[in-house]
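Please read them with the model on screen.

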Amino acid sequence: MALRGHPLFSVRGHPMKRTEKKPWGMIFLFIGPVTLFYVAFIIYPLIQTVLNGFLEIYPGITGLRIQFVGLKNFKLLLEDEIFHKAVINTLIWATVGPALEMLVATFLALIVYFKVPWSSFYRVAWFSPMLVTGVIVGLIFKWVFNADWGLVNTLLRTIGLGALAINWLGNLHTPLWVVIVVHFWNTFGYSFVILLAGLSAVPEEVKESASLDGATRWTLCTKILLPIIFPVFSTTLMLSFLGKMRAFHVVWVLTEGGPMHASETVATYIQKRAFQWGTLDLGYPSAIAVVWFIVVIVGVHFIQQWVRKKVEQYA
């Protein structure tokens, strides 16, 4: 009862709420620059790209000539065979690439997790390709797959398999698969490190209990470790999928989408239509970007649904 006379209590005995002035100046100082950067380089370009998709934008005598054309650009996509080819190639890449990457990265992460001999060396060696930029990787493998003096064909001829020494980047059947393999070599180390971090976070007691119960290493991996790190696995899978859907540097340096659009992707096609083909129209490439953005969002949604079902299954 003595507290009723305390300054923090009102005359009715209820606690009084302290009103503290928020330090808006400090809040803006820390958040403001990042927010401005995000709006200027992410939000504004995104909105402008969506708006451009409904326009025809051509350079004129006095400046840009802008004309509203409604859904015309989006209708043209239905008749664009090169766009269809780019979509198919990108979807193949976004399906095969993550599957291959997750399979290999999981296997290698388990090898290092169980501390096989030379595991420290493997940890560094398998992550090292990730440190090389896509442009440099493309240049290196362009030499490796050179039809005349490339490393691959030279080795094939040396061991008596000269019949298999083909123009890997110049025919219509192999460039896309070469690009997929090269990009996998460049990026699988990222998935490997994330999965290894997830495995390292599993308590040692789990492994010890499984050993005491007589679980084999295969059972430990498939029935215990992988279900435990499935949230990490699913996040890594989603990041890999997003990376393949927007990949550009490696394919551009290796093939520029050729020959005859055999390795064309949506990203390289947008680049060509916007800046290389002399069409001088930013409206149609913007429409492609908008449609592909929606496709990526839908793909991520389906992955999330699959992950949610798997999490409920393991729960």
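1. Start with Met260. At 71% relative accessibility, Met260 counts as exposed, where exposed means over 50% relative accessible area, buried under 20% and partly exposed in between (1.4 Å probe, protein chains only). Met260 lies in the loop between α11 and α12. Helices here are DSSP runs (H or I, at least four residues), numbered from the N terminus. The phi of Met260 is near 55°, a positive value in a residue other than glycine.

2. A word on the source. This is a predicted model, in which local features need pLDDT of at least 70 and side-chain atom pairs count only at pLDDT 80 or more, while totals for chains, interfaces and linings use all residues. Residues are numbered from 1 along each chain as its sequence is written, and side-chain values use heavy atoms, with hydrogens and water left out.

3. Stay in the loop between α11 and α12. His261 is found there. His261 has a positive phi of about 65° although it is not a glycine. Its relative accessible area is 22%, so His261 is partly exposed. Pro259 also has its place in this loop. A cis peptide bond joins Gly258 and Pro259, with omega about -10°.

4. Is Thr265 buried or exposed? At 2% relative accessibility, Thr265 counts as buried. Thr265 is found in the loop between α11 (249–254) and α12 (266–276). Set aside its neighbours within four places in sequence, and Thr265 is in contact with Ala86, Thr90, Trp93, Ala247 and Val251. Contact means heavy atoms within 4.5 Å.

5. Trp93 comes up again with His183. His183 touches Trp93, Lys244, Ala247 and Val250, not counting residues up to four places away in sequence. His183 is found in helix α7. With a relative accessible area of 10%, His183 is buried.

6. Tyr190 belongs to helix α7 (residues 175–200). Tyr190 counts as partly exposed, at 40% relative accessibility. Residues up to four places away in sequence aside, Tyr190 touches Phe127, Met130 and Leu239. Tyr190 and Leu131 are 59 residues apart in sequence, and their C-alpha atoms are 9.4 Å apart in space.

7. Next, the packing of α3 against α10. Helix α10 covers residues 230–245, and α3 packs with α10 at an angle of about 145°, with their axes 9 Å apart. Axes are lines fitted to C-alpha atoms, for helices over the stretch in contact, and angles run from 0 to 180 degrees between N-to-C directions. The crossing of α3 and α10 is right-handed. A crossing is right-handed if the near helix is turned clockwise from the far one by less than a right angle, and left-handed if anticlockwise. On the α3 side, the contact includes Thr90, Trp93, Gly97 and Glu101. On the α10 side, it includes Phe233, Ser240, Phe241 and Lys244. By class, this contact of α3 with α10 has 9 nonpolar, 5 polar and 2 charged residues. Ala, Val, Leu, Ile, Met, Phe, Trp, Tyr, Cys and Pro count as nonpolar, Asp, Glu, Lys and Arg as charged, and the others, Gly among them, as polar.

8. Helix α3 (residues 81–113) also meets helix α4 (residues 119–127): their axes come within 9 Å and cross at roughly 150°. That makes α3 roughly antiparallel to α4. Angles over 145 degrees count as roughly antiparallel, under 35 as roughly parallel, 65 to 115 as roughly perpendicular and the rest as oblique. The crossing of α3 past α4 is left-handed. From α3 the contact takes Leu108, Ile111 and Val112; from α4 it takes Ser119, Tyr122, Arg123 and Trp126. By class, the contact of α3 with α4 has 5 nonpolar, 1 polar and 1 charged residues.

9. Which residues of helix α5 (residues 134–144) are buried? They include Gly134, Val137, Gly138, Phe141 and Val144. These cover an arc of only 120° around the axis, which puts them on the same side of α5. The arc is that of the directions from the helix axis to the C-beta atoms. An α-helix has 3.6 residues a turn, so residues three or four places apart point the same way. What covers the buried residues of α5 includes α6 (151–158), α7 and α11.

10. Last, Ala163. Ala163 sits in the loop between α6 and α7. Ala163 is exposed, with a relative accessible area of 78%. Ala163 and Asn153 are 10 residues apart in sequence and 9.6 Å apart in space, C-alpha to C-alpha.

Note on methods
Helices (H or I, at least four residues) and strands (E, at least two) are DSSP runs, numbered from the N terminus.
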